[in-house]
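Hi,

Here is the structure we talked about. Have a look through it, and then read my notes below.

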Amino acid sequence: MAEHFPILVVIIPIMASFIILLLWRTKHRYEWHITTAATFLSFLISLSLLNTVFLSGPIRYWLGGWEPPWGIEYVVDSFSGYVLVVVTLVSFVTSVFAAKSVKKEAGEGRTVSFFALYSLLAGGLYGIIVTGDLFNLYVFLEISSLAGYALVGVGKKKRAIVASYNYLILGTIGATLYLIGVGQLYIMTGTLNMADLSQKLPAIFESKVIIAAFALFIVGLSIKMALFPFHAWLPDAHGLAPSVISPILSACVIEVAAYAMMRVMFTVYTPAFVFKVVPAKEVFLLGGGVAMLVGSYLTLAQTDIKRMLAYSSVGQMGYIILGLSFANHTGLVGSIVHIFSHAILKASLFLVAGSLIYKTGITEISRLKGMGKKMPLSMATFTIGALGMIGIPLTTGFISEWKLALGALEAGKWFIVPVILLSALLNAVYFGRVIEIVWFKTDEEEGHGHKEIGKHEKTSIDEAPLSLVLPPFILVSLSIIFGIGAFIPVTLAEKAASMLLGMP
Amino acid sequence: METVKSIAPICALLVPLIAIPFIALAGQRRPNVREFWTILASVIMFLIVASMLPRVQGGEVIEYQLLTLFPGLDLNFRVDAFGLFFGLVASFLWIITSFYSIGYMRSFNEHAQTRYYICFAISLFGALGVAFAANLITILIFYEILTLSTYPLVIHEETPEAIKGARRYLTYLLGTSIAFNLPAIFLTYTVAQTLEFSNAGILAGKASPLMIAVIFILFIAGIGKSAMMPFHSWLPAAMVAPTPVSALLHAVAVVKAGVFTVLRVVFHVFGIDLLSEIGLGTALAYFASFTIIVASIMALKQDNLKLRLAYSTVSQLSYIVLGASLLSGKGMMGGILHIVMHAFGKITLFFCAGSILIAVKRKNISEMSGIGKKIPITMFAFFLGALSIIGFPPFGGFLSKWYLVLGSLEANQIPILIVILTSSFLNGAYFLPIVYRAFFGELDEKLNDAHEASSWVVVPLVLTALISMVLFFYPQPFWRLAALTVKGLTGG
Amino acid sequence: MIDYVVSKSNYWIYVVLMMIGFYAMISKKNLIRKLIGLNIFQTAVILFFISTGVKKGATIPIAFHEKGEIIRAIEALQYTNPLPHVLMLTAIVVMISTTGVALSIVIKIYDAYKTIEEDEIPDKEE
């Protein structure tokens, strides 16, 4: 059983999706139960996989027993195991949240198709992570994206459908560019297996086809991960998607695209190619730095809380890319830790926004006055999540900031440290604004100034149900737990980074 | 110096944290129970801190390694003489302020008192953490906790002015910390490969003078809580907070955590040898002198009593930095002693300002004519506190200023000496007219039935006024700790 | 020069087709036309893959079995690599699914706004 774990982690959610559809017309539909159980099982399996990888090295699983490079190979190593745990965790926690929220936002009649797609999306994401085959990666990329396009369109606002259409067009362009890259590598080497490619490529590094294919991979996946300037589709899609889907899109989908990019860069093309043959360092430095600043700057102008969080993702992707540009271990550790940190924090922030929408339907930031007194738990969660995003010490956000800054100094790129800090400051400004409104501005009707004792306590607490409050709270607690017990993510990330960079 | 492991610093830190759930549970419905927990916590915390006094005075350093975030980043605590010095001041004044808070908050029927007491406890946790931190990262963490936990206190009134003031407060403190302090720590770590404080400094011989200077400037600019110009304007802005908050946090915990951090960095990161070699100490001294004089002049122009006190604080904080930056034994001694002397003097003045507000509902000095006849105890305590700040004997303030004067002579810095004397004169110029006007001015008729505030308010301020006098005659506990610190730094 | 262009004719065709598709996606305001552009774009890539598998006069890769053992196999030089075609079967499925999802989204847009012209859809929620 345990030896089939790498395939089970993918198959379980995909099968769940079919089972949900099969049960559609029956009396006992259990669509939410099946989804949650499937994602939870995947999470447990991924934990076990990570444990095995950590103790006894990478797991290679041959699909159908076909030996690579002819057959498809699934690889769980210290990098994919780590990302798998993060993504399965977030998708599981989010599916817990989905129970109540989806019924309200999608309508009773559409819950079945919603959860079927949700499971499919999850399965596609897990597939991207575990696969060791370039073409298989494309297929999973499209499975998850197609499910994602459809799910964005479920959003309550009419505009969500348009967002979904634009997302589809751009996403497909990105995937097609990736596919051309796969084709070019195949022409040159006759193999699609990542490990095999990494053996065959060094001999033909200087070939223009190989270099062009690299560029196609990077551009294609940059579109998928919404790296500036390919971010145009993201704010609409992430901002207008249903409450349950926004966290998955922002915390899993674009992170997994970033994962795929790092895979292609370091496992297929080796660090020697990325840092010596092509000017990737310079491009990533520029791309990441500009994404951080512009993303954070654009976030400032937003008046809608979900749109603000969506724009913030554009900036956060910049952090991950920036860490790659230093070409050193520390910077890469920063990127890898940031994948974890951003995933759990952004998911929790989006989930809190989801509870807000569930309870009040409000998304405009200016109308959130006094929410801290109405929904204290949710807003406390939001505040801690925001502090994590800013990178306050003792949260995971600080670790990645620390590692990125040290990586920059190690690489002699001291001028990037102010950029990182400026971005953190901009984060502080836009989150600070929300926190101030939520906690300390009161509704106009109540008036200002000194109040009779106990008056504030009269504002009735109107908290969202527990199944909506708990999921984001768990994620935020994890950010604190792993911000203090930082050696856990850091050790894992260091292992992954050493493996990617081919260091002993 | 002997190093011992003990859990005592952790216990002291945990006390306010443990108290929080009790305070929250008692809540608004049972204010007496809630305040009981606050006071109990403050007393226990002080006792634990004080229990370390004999050992530290005996030359021991109490250490406790809490955990390693990841290799290179440790959460370590070390109670040396200097840390205990600040810890004692902060935890002792928390007790007194707790009593005062009860009187003040109830007199005004303030809202959200539970939040107030909880945040107060967290900020004490932060201040004590700064005092006991053993490395730069630990001190940074507690520094940020202090910033964030005091933000709800500053914004307490929730009026538009309070929101504006608190926004400035947070912007300056968090902003400077992220923009300057953090890169300074990054650079320090890259250069020195460690962040642990050491008596000899950790940067000596590791980098070029230019690099040292850059890190130094980043640190001084980054520790915004020390209110050095031009990053001082958060302190007047924070005066929108209720008076007890201004008193404890903005005369003691927050600002002293700031100067404490500066002194830590100057003494234990750079080391006095390195600084005097490059001449950065003198540069800092002149920088601090500038703040002292300019802030004093600005204080003269303020009509709002709390604002005048705030500017006076800005100027007095720089005395401490000045003392340290003289890099002479006596100067450092004066700087360190000024932490406690100014704390007791200034907290008295703030308490009085709050008491005046309760008794006569006046905030502006020009409206305070003759109130001394109605509230003599408060105004007399104000007089005593003012004398201590100015540096008259027999008050604690005299001792620290005396050492500062000796230090400037020892360092051959006559201009600095002139600054200290001029500023003392200015201190008198902005404090004594208040007292004169209160006792000899014409009383506003509307205030005929004014009377002293409740004894919850008056007793604490009389107490702190008396203590600042006692400190002149009996400064031993603090004096010894300061002497130990200086001895450790100068090595003899 | 001419030889060079002709010898790589399959690549030229695929690039030209791709650009036509790309142009349609960018310039057309009609959502269905954009979609057709997307289809051309994807088809071009499929053609590219297929064309790389073409070999003149080649046969199919077959191994002759007898009693479970391979007795004779077609020489590698003589058969066409089937893998690009197989990959493209999958890619065509992906493409069709994409088109299906896109079409249903367009129907939704039409339901919501009564138009499929991009510039007639309001920018903001009314």
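A term you'll need: a polar contact is a pair of N or O atoms within 3.5 Å, where, within protein, one must be able to donate a hydrogen and the other to accept it, and residues adjacent in sequence count only if both atoms are side-chain atoms. Between chain A and chain C there are four residue pairs in polar contact (both at pLDDT 80 or more).

Keep in mind that this is a predicted model, where local features need pLDDT of at least 70, side-chain atom pairs count only at pLDDT 80 or more, and totals for chains, interfaces and linings use all residues. Residues are numbered from 1 along each chain as its sequence is written, chains are lettered from A in the order in which they are written, and side-chain values use heavy atoms, with hydrogens and water left out.

Back to the two chains: 29 residues of chain A are in contact (heavy atoms within 4.5 Å) with 40 residues of chain C. On the chain A side, helix 6 supplies the largest share, 19 residues. (Helices here are DSSP runs of H or I, at least four residues, numbered from the N terminus.)

Now for helix 2 of chain C, residues 9-27.

Cheers

Terms used. Helices (H or I, at least four residues) and strands (E, at least two) are DSSP runs, numbered from the N terminus. The expected span of a helix is 1.5 Å times one less than its number of residues.
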